[in-house]
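Here are my notes on the model you sent over. Have a look at the structure first, then go through the points with it open.

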Amino acid sequence: MKAFTVSFYGIMLLVVLVLIAFFYFGAAAMLLFKESDPYHFGSVGSTLSSMFQILTYDNLDSVMRINMLGCNEVGSYQDGLLPKYEEMCSPDAKGMGWISPVYFVCFSIFCSFIIMSCLVGLIISSMEKLMEIKNAEAEVWQDVDEVARAYEVNEHSIHFMLQLF
């Protein structure tokens, strides 16, 4: 429990960083891919859902393929898997070409590697801080033992004073 309270502030900052990254990458995705893929990037909710899906690498290849070629060129969604997708896709929708893989690779690198590195660093720094606290407590207890031996105070009296103060 102590480890969680020590690292809580850092975890909250990391969550805010992830939310800001999702907001910026999501806004860019809506601007870039709304015409070529209205199913995944047509609204804020579907965009954030798709961004989380891409973050977990679930269907990353098909989402990237749709945005590279356009929703008219991709046949898997027109075979009846998603009937509303045909209605959402405009007949003149064109893919974004090479912009799509560059965008998704940048998003994947940022979210997977940079944010995970920050999380690992946060955990390591929290553990170091806990070790410092533990070492400081051990030094205090050594000082208490030295004083107790010097003044011949028994252990029962020390525990009584701890409860009192």
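1. Start at Phe41, which touches Ala29, Met30, Phe33, Lys34, Ser46, Thr47, Ser50, Met51, Ile54, Val63, Asn67 and Phe104, leaving out residues up to four places away in sequence. Contact here means heavy atoms within 4.5 Å. Bear in mind that this is a predicted model: local features need pLDDT of at least 70, side-chain atom pairs count only at pLDDT 80 or more, and totals for chains, interfaces and linings use all residues. Residues are numbered from 1 along each chain as its sequence is written, and side-chain values use heavy atoms, with hydrogens and water left out.

2. Phe41 also shows up in the largest nonpolar core, which has 17 residues; Phe41, Met51, Ile54, Tyr103, Phe104 and Phe107 touch the most other members. (A nonpolar core is a set of buried Ala, Val, Leu, Ile, Met, Phe, Trp, Tyr and Cys residues joined through side-chain atoms within 4.5 Å; buried is under 20% relative accessible area, exposed over 50%, partly exposed in between, with a 1.4 Å probe and protein chains only.) Two or more residues each come from helices H1 (2-33), H3 (44-55), H4 (60-69) and H6 (99-150), with H1 giving the largest share, 6 residues. Apart from this core lies another one of 5 residues, including Ile66, Cys71, Cys89 and Ala93.

3. How do H3 and H6 pack? Their angle is about 70 degrees and their axes are 10 Å apart, the axes being lines fitted to C-alpha atoms over the stretch in contact, with angles from 0 to 180 degrees between N-to-C directions. H3 and H6 are therefore roughly perpendicular, a label for angles of 65 to 115 degrees.

4. On the H3 side of that contact you'll find Met51, Ile54 and Leu55, which meet Tyr103, Phe104, Phe107, Ser108, Cys111 and Ser112 in H6. The residues of this contact split into 7 nonpolar, 2 polar and no charged.

5. Ser36 is buried, at 1% relative accessible area.

6. Of the 165 residues, 27% count as buried. Among contacts between residues at least 6 apart in sequence, 66% join residues at least 24 apart.

Notes:
Helix = DSSP H or I, 4+ residues; strand = E, 2+ residues; numbered from the N terminus. Parallel < 35°, antiparallel > 145°, perpendicular 65-115°, else oblique. Nonpolar A, V, L, I, M, F, W, Y, C, P; charged D, E, K, R; others polar.
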